[in-house]
Amino acid sequence: MFSRLRSSASRFKNLPRRFESSTTFQSPTGNKTHFGFQTVDEDLKSTKVHAVFDSVASSYDLMNDAMSFGIHRVWKDTFMLRMSPTPGTKLLDVAGGTGDIAFRFLNYLKTESLLSNDKLGKSSVTVSDINQAMLDVGKRRAEKLGFTTGEDINWLHADAENLPIDDDTYSAYTIAFGIRNVTHIDKVLDEAYRVLKPGGRFMCLEFSHVNNEALQWMYDQYSFQMIPVMGQVIAGEWKAYQYLVESIRKFPSQENFKEMIQAAGFSQVTYENMTFGVVAIHSAFKL
């Protein structure tokens, strides 16, 4: 066992930080971008990502529990606590297909006895996702949980980079574990800013960068040697989960993503690391 670990360590040691190789980690130029560690044409990435989520939609929630040992539920609960929605909040949850954030939003308001308070208008949530299979899973879950489409929750099949939504429509915008899969992060941020009302809040929950080298090494071992195997055993999908692991390593650092959010026009931009930086909550306002 220890010889295997030493062999793995020596293999990873020769790679630059975040497994960056000279070919797969070059900054995308022209019409090229990254799909995990691959460099692909920009117009192919959305198709390839769509195929990934088509393949994992039915087992997505089960795999989230398995990969994170259930900790993803704590991350999402904390995310909603940091958001602390108020009566009349009109939420757009982007890349929210299976409904995890939307259901927490509705339950939070019900728990706080706010959902029926009409002083600031009825609260609502629209779940947007580019993948219909993910939305279908969310709709089935909503029905089982007793939420009514068109009353408690609405569903929108749309591209986060080009939302069919009027300017200044929503008071809150969330995106959880979705923005790293888009082709143009800057376009998604621009769209988030556009559809938010003045004073609206942007919140993003996303995998991020662990800054402790020892923890990063252990995290890398688990991510690259265990998660694709779990994907194969549980979901019958090795390559999809290999991509998901690689996409995490390609996502900007906390500080770099903060700068991108600021560049989109947002103010009061902050982030909070959780689980040693495995994930981070990013918050900003349209002022």
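Analyst: Arg-82 is partly exposed, with a relative accessible area of 38%. In this predicted model, its salt-bridge partner is Glu-272. The closest N and O atoms of the two are 2.8 Å apart. This pair links distant parts of the chain. Glu-272 lies in strand 8 (residues 267-274), Arg-82 in helix 4, and 190 residues separate them. Glu-272 is also partly exposed, at a relative accessible area of 28%. Both values fall between the 20% cut-off for buried and the 50% cut-off for exposed.

Helix 4, residues 71-83, also holds Lys-76. Lys-76 forms a salt bridge with Asp-100, and here the closest N and O atoms are 2.5 Å apart. Asp-100 belongs to helix 5 (residues 100-111), so this bridge ties together parts that are 24 residues apart in sequence. Lys-76 and Asp-100 are both buried.

Now the bridge between Glu-206 and Arg-180. Its closest N and O atoms are 2.8 Å apart. Glu-206 sits in strand 7 (residues 196-207). Arg-180 sits in the loop between strand 6 (170-176) and helix 7 (185-195). The two are 26 residues apart in sequence, so strand and loop are tied together by this pair. Glu-206 and Arg-180 are each buried.

These bridges are among the nine found in a search of the whole structure.

Notes
Residues are numbered from 1 along each chain as its sequence is written. This is a predicted model: local features need pLDDT of at least 70, side-chain atom pairs count only at pLDDT 80 or more; totals for chains, interfaces and linings use all residues. Side-chain values use heavy atoms; hydrogens and water are left out. A salt bridge is a side-chain nitrogen of Lys or Arg within 4 Å of a carboxyl oxygen of Asp or Glu. Helices (H or I, at least four residues) and strands (E, at least two) are DSSP runs, numbered from the N terminus. Buried means under 20% relative accessible area, exposed over 50%, partly exposed in between (1.4 Å probe, protein chains only).
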